[in-house]
Amino acid sequence: MEQIIFDAHAHYNDELYSDAERNEVIEYVFENGVKFILNAGTNIQTSKESIELAEKYNGIYAGVGFYPHDCINITDEKYALNILDEITKHPKVVSIAEIGLDYHYDDTPRDIQKKWFELQLDLSEQKNMPVCIHDREAHGDVLEILKRHKNAKGMLHSFSGSRETAEELLKLGWYISISGVVTFKNAVKLIEVVETLPLDKMLIETDTPYLSPVPNRGKRNNSANLVYTAQKIAEIKNMSVEDVCNITRQNACRLFRINE
Ligand code: NI
């Protein structure tokens with residue numbers, strides 16, 4: 001079996017790893033079918049860590065940006081935007097990631113989340129750079145905002161909306177990224193999304209170190225586990241695991257403009 005995987009969303013800089021473990025896990029996944037990883041930032045610090053990983057490993061590309069709940073810590077708006085603008089110029093930064101709205105926790109007022117989501121979408125449009133969107137329990141507002149940013153493009157990470165929401169996003173040209181959640185017992189809604197998701201708009205991701213697929217659910221995740229996610233998608237769409245991996249890899253390379 002020959003599959004070459006692109007993990008469209010991961011956080012290998014996470015503090016759940018010691019430096020030694022981090023290097024060990026990354027080397028392991030690159031020896032086990034994974035060729036590319038998009039490592040997403042959540043604030044300036046983690047975005048810089050993302051870039052450091054991308055400098056160290058050929059197959060790692062960096063996303064930089066402010067995660068919804070990290071926006072509350074921004075004190076100087078202009079300064080924050082300037083730094084973000086500066087670091088997107090690094091040759092291995094291919095995405096503004098991860099940005100969006102998260103209404104699951106009330107840590108950050110919604111108006112602050114929305115303001116930073118739009119500021120970063122504006123930046124992505126100016127730079128013609130794809131974004132990676134975090135949307136948790138905020139599907140209506142995310143869709144409404146994306147409708148106003150016609151020139152923005154990118155992916156919805158660990159998609160958790162309905163088939164109807166997915167169809168609206170597809171009409172606007174967005175990619176839908178499927179995480180290990182699709183292997184969970186209660187994944188009825190996500191399976192429905194996968195059933196009708198066009199192959200040329202589908203991505204796969206781990207969100208490492210979170211969201212490990214069955215049979216490793218609950219354990220710390222890594223990109224090699226994507227084979228289980230791909231297996232589940234292959235079952236749903238009645239195709240081979242190799243095809244799921246190859247098609248999603250080609251999609252991610254096209255979206256992030258990475259030359260294989
Ligand atoms: Ni993430």
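## Two cis peptide bonds

Pro 209 is found in the loop between strand 8 (202-204) and helix 8 (226-237). Helices (H or I, at least four residues) and strands (E, at least two) are DSSP runs, numbered from the N terminus. The peptide bond that leads from Thr 208 to Pro 209 is cis, with omega near 10°. A cis bond is also present from Ala 97 to Glu 98, where omega is near -5°; Glu 98 belongs to strand 4.

This is a predicted model, in which local features need pLDDT of at least 70 and side-chain atom pairs count only at pLDDT 80 or more, while totals for chains, interfaces and linings use all residues. Residues are numbered from 1 along each chain as its sequence is written, and side-chain values use heavy atoms, with hydrogens and water left out.

## Strands 1 and 2

Strand 1 (residues 5-10) and strand 2 pair in the parallel sense over four bridges; strands count as paired if DSSP finds at least two bridges between them. Asp 7 has Ile 37 of strand 2 as its bridge partner, and Ala 10 has Asn 39.

How many residues of strand 1 are buried? Six of the six are, so strand 1 is largely enclosed by the rest of the structure. A buried residue has under 20% relative accessible area, an exposed one over 50%, and a partly exposed one lies in between (1.4 Å probe, protein chains only). In strand 2 (residues 34-39), five of the six residues are buried, so this strand too is largely enclosed.

## Strands 3 and 4

Strand 2 runs parallel to strand 3 (residues 60-64), and three bridges join them. Ile 37 stands opposite Ile 60 in strand 3. Strand 3 is in turn joined to strand 4 by three bridges, again in the parallel sense, with Val 64 opposite Ile 96.

In a regular strand, side chains alternate between the two faces of the sheet. Strand 3 is covered on both faces: Ile 60, Ala 62 and Val 64 are buried on one side, and Tyr 61 and Gly 63 on the other. Five of its five residues are buried, so strand 3 is largely enclosed by the rest of the structure.

## The nickel site

Which residues supply the protein donors of the nickel ion? They are His 9 (NE2), His 11 (NE2), Glu 98 (OE) and Asp 207 (OD), at 2.1 to 2.6 Å from the ion. Donors are N, O and S atoms within 2.8 Å of the metal (3.2 Å for Na, K and Ca); water is not among the atoms, so sites may look incomplete. Along the chain, the donors follow the spacing H-x1-H-x86-E-x108-D. His 11 lies in the loop between strand 1 and helix 1 and Glu 98 in strand 4 (residues 93-102), so the pair ties together parts that are 87 residues apart in sequence. Both His 11 and Glu 98 are buried.

Why is the arrangement of the donors irregular? The four donor atoms subtend angles of 86 to 174°, which makes it so. Four donors count as tetrahedral if all angles lie between 85 and 135 degrees; four count as square planar and six as octahedral if opposite donors are over 155 degrees apart and all others between 65 and 115; anything else is irregular.

## Aromatic rings and charges

The whole structure holds six aromatic pairs. Rings of Phe, Tyr and Trp (its six-membered ring) pair if their centres lie within 6.5 Å; planes under 30 degrees apart count as stacked, over 60 as edge-to-face and the rest as tilted. One aromatic cluster is formed by Phe 6, Phe 36, Tyr 61 and Phe 256.

Lys 92 lies over the face of Tyr 61, at 4.5 Å from the ring centre. Likewise, the charged end of Lys 201 sits over the ring of Tyr 175, 4.4 Å from its centre. A charge sits over a ring if NZ of Lys or CZ of Arg is within 6 Å of the ring centre and within 35 degrees of the ring normal.

## Positive phi in two loops

Glu 137 has a positive phi of about 55° although it is not a glycine. Its place is the loop between strand 5 (131-136) and helix 5 (139-147), and at 48% relative accessibility Glu 137 counts as partly exposed.

Asn 238 has a positive phi near 55° and is likewise a residue other than glycine. Asn 238 lies in the loop between helix 8 and helix 9 (241-255) and, at 71% relative accessibility, counts as exposed.
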